[in-house]
Amino acid sequence: MGLFGLGAFFIAISVIHGYDNEEPTTVLQDQDGHYCLIASMGLDVEIEYIAFDENTTRTLPKKNLRVPDHASVRGNCSYSRTELTFSWDDGKYQLLMVFDSQVVNDSRTWSLTELGLTMDVNTNITHTSSIAKRVELGKGDVRMFETPYNNSYECQSKQKIRLKSTNSYTNVIFSHMRLQPFSAMDKFKGGITCKEDKDKGISLGSREEVFVPLIVAICLAVVVLLVILGYLIRKKFEGFGYANMD
């Protein structure tokens, strides 16, 4: 299988766009309709490329890219391996993530084990012709975001992974992330918070964990307001009563 080779299985993919300040949520289902991945994250790519042409060498301007919310998504999943590929700018850029599950100390965990970027690089070194190259960057044995099975990995802080080859340096930056491959549901379960968030006292949590306490607080405030309003109305009407005469 090549860097971006995917199985022949049909995968149902849903991209759910949330509120303005939220990253879209991607949900994958296998060929039998079982949920196999749910992910919500911001992705940025920083690219440095050194171009070679005979005796000429130069570094192209550094590129900072944001993987757009409308990027095309492909996927493939099985019991022990899940692949997710984002493609954008008419296929000029493709970012692959591979997740594997494994048994560690008699407990099953999952982690990000491979990250790959494929990109078209347009160079014009001699100023006489434009050269288009398809560059592949890959990094195996990443082993990041390791999390117990049936749990999600949460990290609002930025997580940077550096990819490099002979003439390329690329940083892939994750942020506002909640990720759970091998999920049997279309909603996140559990949650392991990254060290960076713990050190900062940040708890991202699920949407339900954030909004349920807020809704309860609003309801209590409304009840208190109604009680006070009722009391004031009653006192006002009592003021119109007649005093007793001896």
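Predicted model: local features only at pLDDT ≥ 70, side-chain atom pairs only at ≥ 80, totals over all residues.

Guide: Two residues are said to be in contact when heavy atoms of theirs lie within 4.5 Å. Once its neighbours within four places in sequence are set aside, M41 is in contact with E23 and P24, with L84, F86 and M97, and with F174, S175, H176, M177 and L179.

Several of these names return when the interior is considered. The largest nonpolar core has 42 residues, and M41, F86, M97 and F174 are those with the most contacts inside it. Strand β3, residues 35-53, supplies the largest share of this core, namely eight residues. In soluble globular proteins, nonpolar side chains tend to be buried together.

Of its 246 residues, 41% are buried. Among contacts with a separation of 6 or more, 56% are between residues 24 or more positions apart. The accessible surface of the protein comes to about 14700 Å², and carbon and sulfur atoms account for 54% of that surface.

For another local view, one may turn to T193, which belongs to strand β14, residues 192-193. With residues up to four places away in sequence not counted, T193 touches E154, K198 and I202. The C-alpha atom of T193 is separated by 7.2 Å from that of S203, a residue ten positions from T193 along the chain.

Notes:
Residues numbered from 1 in each chain as written. Heavy atoms only, no water. Buried < 20%, exposed > 50% of the residue type's maximum accessible area, 1.4 Å probe, protein only. Areas by Shrake-Rupley, 256 points an atom, 1.4 Å probe, with all protein chains shown as cover. Core = buried A, V, L, I, M, F, W, Y, C linked by side-chain atoms within 4.5 Å. Helix = DSSP H or I, 4+ residues; strand = E, 2+ residues; numbered from the N terminus.
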